[in-house]
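Please open the structure in a viewer and follow the selections below in order.

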Amino acid sequence: LTTAGLTVNMSKTVAVYKILGRTANILNKQYIKRTRDGTFLCIPCQHGPVHVQLVKQFTYLGVVMSYSNFALLTVRHRIKAGTAVTHQLSRWLHKQKGLTPTQKLRLWYQCTFPSLIYGLRITGIDIHILQLLDQTCMQHIRRIFRSPVHITHTSHADFLAEHNIPDPLHRFRRQCEIAIQRETQRFQQLAPDDILRHKPVQ
C-alpha cells in the first residue's frame, strides 16, 4: 500500500492471525512480537518492519472477522445493532399514540430488520443463528403490538396468525433467495476473463 502512495493509519490497523504446521513455531518466533501493548505481526518492508497489532476478532463493514465462530459473533453483533436502531425509533414504535401497529411494523421492517440481517447470508447460517434471529425479531414485534409472551401466554405462531403477520424468517429466506438469484445473473453476464470469475486460492 505504501509503495502505491497510500498512507496506512497503523493506530487503526489490526489483523487476525492463525498458523498451523511443522514450521509454525519457527515462523512465530520470526514474525510475532509480544510487548506490554499487545501482540504484533512484524511485516518486513523496504524501510523497516511494520508492526500490526493482532486481535482475536474485529468488526469490518458490519460483520465480525475472526478465525473461529465468526458467524455466531456476527449475528450477535447484528442483534446489538438492530436493537440500537429500535431504541432510536422507540418514540415512534412504542408509544400508544401516533402510528398504528401495522404502520409501526412497516417502519420496523424498513429500518430495524435490514440492520438485523445484514451480512448474515455471507458469514453463514445455522439453526442456532436462526433461533437467535427469530427470538430477537419476535421480541421486537411483540413489543410493538404490546403482546409479550409472558403475559399473553400465546405462542409466536399463534401471535403471527392472529395479527396476520408473515414470519420474519420467511422474509429473511426470501431476501436470501432474491440475492442469490441476482448474484447468479450478474455472474453469468461477466466476461470470460473477468477477475470475478476467478476462485480465491484455498
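This is a predicted model: local features need pLDDT of at least 70, side-chain atom pairs count only at pLDDT 80 or more; totals for chains, interfaces and linings use all residues.

Select Asn69, which lies in the loop between S6 and H2. Its phi is positive, about 55°, although Asn69 is not a glycine. Asn69 is exposed, with a relative accessible area of 54%.

Next, select residues 70-88, which form helix H2. This helix has 19 residues and reaches 27 Å from its first C-alpha to its last, close to the 27 Å expected at 1.5 Å a residue. Within H2, colour the buried residues: Ala71, Leu72, Thr74, Val75, Arg78, Ile79, Gly82, Val85 and Thr86. Viewed down the axis of H2, these buried residues fall within an arc of 155°, so they line one face of the helix. Then turn to the face directed away from the buried side, where Lys80, His87 and Gln88 are exposed.

Keep H2 and H6 in view. Their axes are 10 Å apart and the helices pack at an angle of about 10°; H2 and H6 are therefore roughly parallel to each other. At this contact, select Ala71, Leu72, Val75, Ile79, Gly82, Thr83 and Thr86 in H2, which meet His128, Ile129, Leu132, Thr136 and His140 in H6. By class, the contact comprises six nonpolar, six polar and no charged residues.

Finally, select His153, in the loop between helix H7 (149-152) and helix H8 (156-162). Its phi is positive, near 60°, in a residue other than glycine. Is His153 buried or exposed? His153 is exposed, with a relative accessible area of 64%.

Definitions and conventions:
Residues are numbered from 1 along each chain as its sequence is written. Side-chain values use heavy atoms; hydrogens and water are left out. Helices (H or I, at least four residues) and strands (E, at least two) are DSSP runs, numbered from the N terminus. The expected span of a helix is 1.5 Å times one less than its number of residues. Buried means under 20% relative accessible area, exposed over 50%, partly exposed in between (1.4 Å probe, protein chains only). The arc is that of the directions from the helix axis to the C-beta atoms. Axes are lines fitted to C-alpha atoms, for helices over the stretch in contact, and angles run from 0 to 180 degrees between N-to-C directions. Angles under 35 degrees count as roughly parallel, over 145 as roughly antiparallel, 65 to 115 as roughly perpendicular and the rest as oblique. Contact means heavy atoms within 4.5 Å. Ala, Val, Leu, Ile, Met, Phe, Trp, Tyr, Cys and Pro count as nonpolar, Asp, Glu, Lys and Arg as charged, and the others, Gly among them, as polar.
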